[in-house]
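Dear colleague,

I am handing over the structure we spoke about, and below it you will find an account of what turned up in it. Please keep the structure open beside the text while you read.

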Amino acid sequence: MRPSTSIVPSKVLITQLSPVRDILLALPLAVDIKRLWPTAQVSWLIECDCQGLLERHPCVDEVIRIDRGWLRRPSGWKKMRQQIRERQFDVAFDPQGLTKSALLGKISGASTRLGFDSSRGRELAPWVATRRIHVTARHQVDMIRQLLSPWKEVVTGAGDFAMPKLPELHEKVDRILQSSAVNPSVPWFAIHAGAVWPTSVWPAERLGHVARHLFEEHNLRSVVLWLSEDERLLAKVVAEASQGAAKIIDCGDLQTAMELLRRPIFLLSGDSEMLQLASAVKTPCLSLHGPTWADEIGPYNNAGCAIQSPLPNLSKRMVRRGPNTAMQAIELEEVLYHAQRLVTRLLGQSAHAPAA
């Protein structure tokens with residue numbers, strides 16, 4: 001069924017439930033929707049901890065949080081269905097492309113439900129959608145934006161995250177940096193040792209060696225950012241291996257992390273939510289990719305550099321739970337080479353930039 005392009009919906013639902021990384025990658029869809037239909041109310045269904053960030057976004061009017069694992073608890077379906085359906089959605093978009101996300105679009109009562117065909121949709125999702133989109137774009141941001149293709153031409157590479165600025169956090173970020181002996185007025189770079197899956201983690205000791213090398217060569221300090229307990233432990237290993245060149249900072253929440261990530265000259269990270277957050281606020285990124293592809297899931301329209309492992313994980317089953325061999329295959333010397341080039345370019349640009 002082809003949706004009518006002449007009718008402007010009043011209420012739109014997005015069912016990208018998790019993880020945080022993929023929710024960030026889907027934000028340009030919300031921006032496109034608001035630009036196409038400025039009067040439409042955009043609601044977003046989630047089951048992960050990013051409500052605070054989404055609620056501050058100018059193109060998201062409402063965030064609906066549901067319990068993780070709802071699909072396995074039929075006793076709660078009636079109440080959830082009533083909660084969602086009472087909003088009377090006209091159109092539902094399913095960027096996640098899974099059975100659970102597609103079913104929530106159907107539960108919402110939306111008569112028009114946009115999803116992917118088998119080119120990206122998985123499980124039962126393609127059969128739940130009323131209109132199935134065939135993916136032709138390479139990057140996930142543009143793939144998701146193609147859900148709007150029945151109404152408008154989607155130009156690849158033209159996605160906009162429109163991330164909000166939170167001036168009320170500026171003083172907090174200054175205090176965090178100063179408490180870690182980082183001078184906010186002097187160039188520094190950020191490191192994130194975590195990743196969306198263990199298979200995407202580059203060895204923390206090597207990250208520490210990069211921090212030490214850039215300090216010795218450029219007198220460039222670094223900050224290791226963390227959000228979860230697992231990331232804190234990795235950050236400690238990075239700091240120890242850096243021999244004092246890197247300091248550790250607890251971001252606390254995604255909003256604070258976003259404002260912190262506006263400050264460094266670049267971020268060094270594997271495939272993670274921090275990487276996508278830095279890219280969304282247009283901070284250059286040096287990203288490391290093993291089981292995932294840089295041109296599909298890496299920083300979008302970014303001024304940095306992406307390094308792809310020479311041993312990508314070809315089996316989809318091994319992407320999340322397989323060995324860490326793809327990331328291990330990224331050599332320290334290769335990362336040092338690209339980090340050196342990036343620092344030279346970025347510091348050269350700042351040196352020649354006109355005074356504000």
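This is a predicted model: local features need pLDDT of at least 70, side-chain atom pairs count only at pLDDT 80 or more; totals for chains, interfaces and linings use all residues.

How many cavities of 30 Å³ or more does a search of the whole structure find? The search finds 2, and the largest cavity contains about 70 Å³ of space. The residues that line the largest cavity are Ala92, Phe93, Asp94, Ser101, Ala102, Gly105, Arg113, Leu114, Gly115, Ala125, Val128 and Ala129, and the elements that each give two or more residues to this lining are β4, α4, β5 and α5. By class, the lining of the largest cavity has 7 nonpolar, 3 polar and 2 charged residues.

As for α3, helix α3 (residues 77-85) and helix α4 (residues 99-107) pack at an angle of about 65 degrees, and their axes are 9 Å apart. On the α3 side the contact is made by Met80, Arg81, Ile84 and Arg85, while α4 brings Leu104, Lys106 and Ile107 to it. The residues of this contact divide into 4 nonpolar and 3 charged, with no polar ones. After α4 comes Gly109, whose phi is positive, near 85 degrees.

Next, please turn to the sheet. What is the order of the strands in the open sheet of 6 strands? The order is β9-β8-β7-β10-β11-β12, and the pairing is parallel. The edge strands, each of which pairs on one side only, are β9 (246-250) and β12 (305-308). Direction ignored, neighbouring strands of this sheet are turned against each other by 20 degrees on average.

At one end of that order, strand β11 (residues 285-289) is joined to β12 by 4 bridges, and the two run parallel; here Ser287 stands opposite Ala306 in β12. Helix α11 (residues 273-280) lies across β7 (188-192), β8 (221-226), β10 (267-269) and β11, and runs at about 150 degrees to β11.

Finally, there is the largest pocket, in which about 1,600 Å³ of space lies. This pocket is lined by 47 residues, of which Arg21, Asp22, Trp197, Val319 and Arg320 are the closest to its centre. The elements that give two or more residues to its lining are α1 (20-36), α6 (140-145), α9 (229-241), α12 (294-297) and α13 (318-321). By class, the lining of the largest pocket has 19 nonpolar, 12 polar and 16 charged residues.

With best wishes

Key. Residues are numbered from 1 along each chain as its sequence is written. Side-chain values use heavy atoms; hydrogens and water are left out. Two strands pair if DSSP finds at least two bridges between them. Axes are lines fitted to C-alpha atoms, for helices over the stretch in contact, and angles run from 0 to 180 degrees between N-to-C directions. Contact means heavy atoms within 4.5 Å. On a 1 Å grid over the protein atoms alone, a cavity is a set of points where a 1.4 Å probe fits but cannot get out, and a pocket is an open set with protein on both sides within 12 Å along at least five of seven lines; lining residues have an atom within 4 Å of a point. Grid points are joined across faces, edges and corners, and a volume is the space filled by probe spheres set on the points. Ala, Val, Leu, Ile, Met, Phe, Trp, Tyr, Cys and Pro count as nonpolar, Asp, Glu, Lys and Arg as charged, and the others, Gly among them, as polar.
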